[in-house]
Amino acid sequence: MKETDKLKFVLDMTMSVLPHEIGCDDCFEYFAAYADHLTNGGPLPEPLRLVGEHLARCAACMEELQLLLEAIKAEN
Amino acid sequence: MLVPPVSLLTRPRQTTTDSSKPRTDEDWVSDLSAGGSCRDQALTELRRILVAGLARAFRQSPANSALIQDSVQDALLLVIDRIQTYRGDSRFVTWVLSIGTRVILSEMRRAHWRDVSLDEMSEAGKLPPATSQTAPMNLSYERSQLLQVVQTAIEQDLTPKQRAAIQAELAGAPPDVIAQRLGTNRNALYKLVYDGRARLKQAILRAGWSEEHIRSVLNANL
């Protein structure tokens, strides 16, 4: 990561702090439900919104979600 | 709990290997919880689904077929171990694939970062002091000031563990690897980093930088 990107990264992660966030493991608990909602479409239930917020901040969990969505496609 | 447990879904999704009878999510749980040939057939089918899914998901990564096979085996053991925790708020197969995906990705991340210590990660993630000769030459004055505020906050407002974890993230290390190095789990690491982010934010705001001002500096051309 370039030095200027590091500054942006740390400021993004810092200034986006919300009062109520969930961690990676809590996010993972609802990963499958979240992926099914993305696959099937339709409005996201309110409780899964926290999963979406976590994914916006956590590149590792986002990577896992994208791979999961690919894995799901193999069934079709 | 974000989502209250719901009854197991019953819509058909999969078929058993020996008939065209649809296998529902409830069937999966029932068959895998049973013994004998019923469970063996379900495991065989689930293994096929996992191998196909992971092979597709990781087709552009260094994951080879041996790693996929090993990960599928580990994932199936986890599925059996955790089957009572399946709440039914997703398709059963999606739940299984989520476990398989995490297993193989965690293994790949561990292998990639195997020889890198937390100290090395943390060092690689350090921001350069704004006044040092390593600071980018074309750094604008305001950006340089902002960099200095952030650098000072990282050094003075974070605990050593928070600093190490945040700088390791800046170096691109994944959370499962950082958590392993710190002897903790991803949730505890997230809490550690969350508290660090909150401290940094307070320090930056205390230094007189508003969120709007920061955005304008970051968005400005260098």
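Q: Which residues of α2(B) do Leu67(A), Glu70(A), Ala71(A), Ile72(A) and Lys73(A) in α5(A) meet?
A: This is a predicted model: local features need pLDDT of at least 70, side-chain atom pairs count only at pLDDT 80 or more, and totals for chains, interfaces and linings use all residues. Residues are numbered from 1 along each chain as its sequence is written, with chains lettered from A and ligands numbered from 1 in the order in which they are written. Residues are in contact if their C-beta atoms, placed from the backbone, lie within 7 Å. In α2(B), the partners are Gly53(B), Leu54(B), Arg56(B) and Ala57(B).

Q: How many residues of the contact of α5(A) with α2(B) are charged?
A: Ala, Val, Leu, Ile, Met, Phe, Trp, Tyr, Cys and Pro count as nonpolar, Asp, Glu, Lys and Arg as charged, and the others, Gly among them, as polar. This contact has 5 nonpolar residues and 1 polar one. The number of charged residues is 3.

Q: How are α5(A) and α2(B) oriented to each other?
A: Take axes as lines fitted to C-alpha atoms, for helices over the stretch in contact, with angles from 0 to 180 degrees between N-to-C directions. The two axes come within 7 Å and cross at roughly 125°. Under 35 degrees is roughly parallel, over 145 roughly antiparallel, 65 to 115 roughly perpendicular, and the rest oblique. The helices are therefore oblique.

Q: Which element gives the largest share of the side of chain B that touches chain A?
A: Here 44 residues of chain B are in contact with 38 residues of chain A. Elements giving two or more residues to this side of chain B are α2, α4, α6, α9 and α10. The largest share, 10 residues, comes from α9(B).

Q: How many helices are there in chain A?
A: Helices (H or I, at least four residues) and strands (E, at least two) are DSSP runs, numbered from the N terminus. From that end, the elements of chain A run α-α-α-α-α. Strands number 0. The helix count is 5.

Q: How many of the 8 residues of α8(B) are buried?
A: A residue is buried if 20 or more other C-beta atoms, placed from the backbone, lie within 10 Å of its own, exposed if 12 or fewer, and partly exposed in between. In α8(B), the buried residues include Pro175(B), Val177(B) and Arg181(B). They pack against α2 and α5 of chain A together with α4, α5, α7 and α9 of chain B. The helix is mostly covered, with a buried count of 6.

Note on methods. Two residues are in contact if their C-beta atoms, placed from the backbone, lie within 7 Å.
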